Amino acid sequence: MKGVLDFCLIFLTLHIPGVVSLSTHVAIIYPQDPVLRIGSNLTASCWVHPELGVHASSLFWTLNGQQLPSSFYRVLSATNLSVTLAGLNASKQTSGDNLVCHNHKGHILAGSCLYVGMPPVKPVNLTCWSRNTKDLTCSWAPGGKGETNISTQYKLKYKLRWYGTEKECADYTHTQPYSCSITQDLHLFTPYEIWVEASNQLGWATSDVITLDILDVVTTDPPSGVTVSRVGQLEDQLSVRWEAPPALKDFLFQAKYQIRYRLEDSQDWKVMEDVGNQTSCRLAGLRPGTVYFVQVRCNPVGIYGSRKAGIWSEWSHPTAASTPHSERMMSGSCDSKSSGDSNSTLRRELKQFFGWVRKHAYGCSSMSMKLYDQWRVLMQKSHKVRNQVLQGDKS
């Protein structure tokens, strides 16, 4: 806060034309740089040195460049003019609101910064995670409405639960507000106690203390080497393959994965929840001749024997692939009513069988998928022969 106050004074004394240096004591404002709660009243006095030869009645006040009404003033003596501000609003900037005393020509005689805000409220939503067990990063949110309107400091504190000394996290991130990373002297298999302290010149508050073991909050890098490819000429399927997160390949853990995919022209993702710990899967029931974007993420389970699941990684970069075009879509001909009935029956049977496969092979069961592949190939060949016969009858 001191640095902010100094900045305000320097700004007033050096960057505004007509300033008179405060070191000469020709004028002083009291109180200097007060910190007040929102809604408070303030009476400030501008004292001018008698040798200046200026009567207090000729002075006037401004707040952030706007002249204050003379009805707010009171002449206390020939050298002292006060101003009273009632029900102060929150400071418009963290560097403070500028309250300035001027002579009758408008030259600045003295200035003060007003800091009007609120004490901090207990920080909330303290959450921590460890990326590849190499660090411990925590984030939180300010309590209440989240804005004190004055400079407020947040400190992440931690200690080993049973025998550690209290320490403060030093690596506060600038890209993500209200977060800090502990990167040195990490201890595995030992619980940590972690909390956040918030303070400003109007008060302080402390978050609830959370207790955790690093092994229970591990997250990994996203799976790498994600590839998406067609499954032969099957028009409604794509094959997805990926590699386990590189940093955890040598750790004693099991991973579980999730896949999500969406149409090229849509923002709605469909998530396959139960992929298991395998590194490949088949997406079925897709639209023929359509581009899909696919992503994969990982959750480490049982790392180093921990009984708790870890935290889901971020999604991998989207990988795109398209399903083959349907032969029915490419035929370009209108079938007769009898042909339409036949196709309707085929589509109904296909829908029924596919519904059964999706229900029983949702976890990417390779046996069910092989059976389904064989059936689909047979149906496609049958449909191709039927189209050839129908086209021959038309000719």
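**View 1. Tyr-178 sits in the loop between strand S14 (171-172) and strand S15.** This is a predicted model, so local features are given only at pLDDT of at least 70 and side-chain atom pairs only at pLDDT 80 or more, while totals for chains, interfaces and linings use all residues. Residues are numbered from 1 along each chain as its sequence is written, and side-chain values use heavy atoms, with hydrogens and water left out. Strands (E, at least two residues) and helices (H or I, at least four) are DSSP runs, numbered from the N terminus. The phi of Tyr-178 is near 60°, a positive value in a residue that is not glycine. Most residues other than glycine have a negative phi, and most peptide bonds are trans. Is Tyr-178 buried, partly exposed or exposed? Tyr-178 is partly exposed, because its relative accessible area is 31%. (Buried means under 20%, exposed over 50%, partly exposed in between, with a 1.4 Å probe and protein chains only.)

**View 2. Ser-179 belongs to strand S15.** This strand covers residues 179-182. Ser-179 counts as buried because its relative accessible area is 3%. Which residues does Ser-179 contact, leaving aside neighbours within four places in sequence? They are Cys-138, Ser-139, Trp-140, Tyr-172 and Thr-173. (Contact means heavy atoms within 4.5 Å.)

**View 3. Strand S9 (residues 108-117) is largely enclosed by the rest of the structure.** Why is that said of S9? Ten of its ten residues are buried. Two pairings of S9 can be traced here. (Two strands pair if DSSP finds at least two bridges between them.) Strand S2 (residues 35-37) joins S9 through three bridges, in the parallel sense. One link to find is Leu-36, whose bridge partner in S9 is Val-116. Strand S8 (residues 97-102) pairs with S9 over six bridges, in the antiparallel sense. There, Leu-99 stands opposite Ser-112 of S9. Strands of a sheet pair through backbone hydrogen bonds, either parallel or antiparallel.

**View 4. Strands S8 and S9 form a hairpin.** Five residues lie between the two strands. Gly-106 has a positive phi near 95° in this hairpin.

**View 5. Four strands make an open sheet in the order S23-S22-S25-S26.** Its pairing is antiparallel. Which strands form the edges? They are strand S23 (270-276) and strand S26 (319-322), and each pairs on one side only. On average, neighbouring strands of this sheet are turned by 30° against each other, direction ignored. (Axes are lines fitted to C-alpha atoms, for helices over the stretch in contact; angles run from 0 to 180 degrees between N-to-C directions.) How many bridges join strand S25 (residues 291-301) to S26? There are four, and the two strands run antiparallel. Follow Val-294 across to S26: its bridge partner is Thr-319.

**View 6. Thr-290 lies in the loop between strand S24 (280-283) and S25.** Thr-290 is buried, because its relative accessible area is 17%. A polar atom of the Thr-290 side chain lies 3.1 Å from the backbone oxygen of Pro-288. (A polar contact is a pair of N or O atoms within 3.5 Å; within protein, one must be able to donate a hydrogen and the other to accept it, and residues adjacent in sequence count only if both atoms are side-chain atoms.) Residues up to four places away in sequence aside, Thr-290 touches Leu-263, Ala-321, Ser-322 and Thr-323.

**View 7. The peptide bond from Tyr-30 to Pro-31 is cis.** Its omega is near 0°. Pro-31 sits in the loop between strand S1 (27-30) and S2.

**View 8. Asn-149 has a positive phi of about 70°, yet is not a glycine.** Its loop runs between strand S11 (136-141) and strand S12 (153-160).

**View 9. Residues 1-23 have a pLDDT that stays under 50.** (pLDDT is the predictor's confidence in each residue, from 0 to 100.) The model gives this stretch 38 contacts beyond four places in sequence. Residues 359-363 also have pLDDT below 50, with eleven contacts in the model beyond near neighbours in sequence. Where pLDDT is low, the predicted coordinates should not be read in detail. For the chain, the mean pLDDT is 79, and 72% of residues reach 70 or more.

**View 10. The chain has four helices and 26 strands.** Of its 395 residues, 42% count as buried. Among contacts between residues at least 6 apart in sequence, 64% join residues at least 24 apart.
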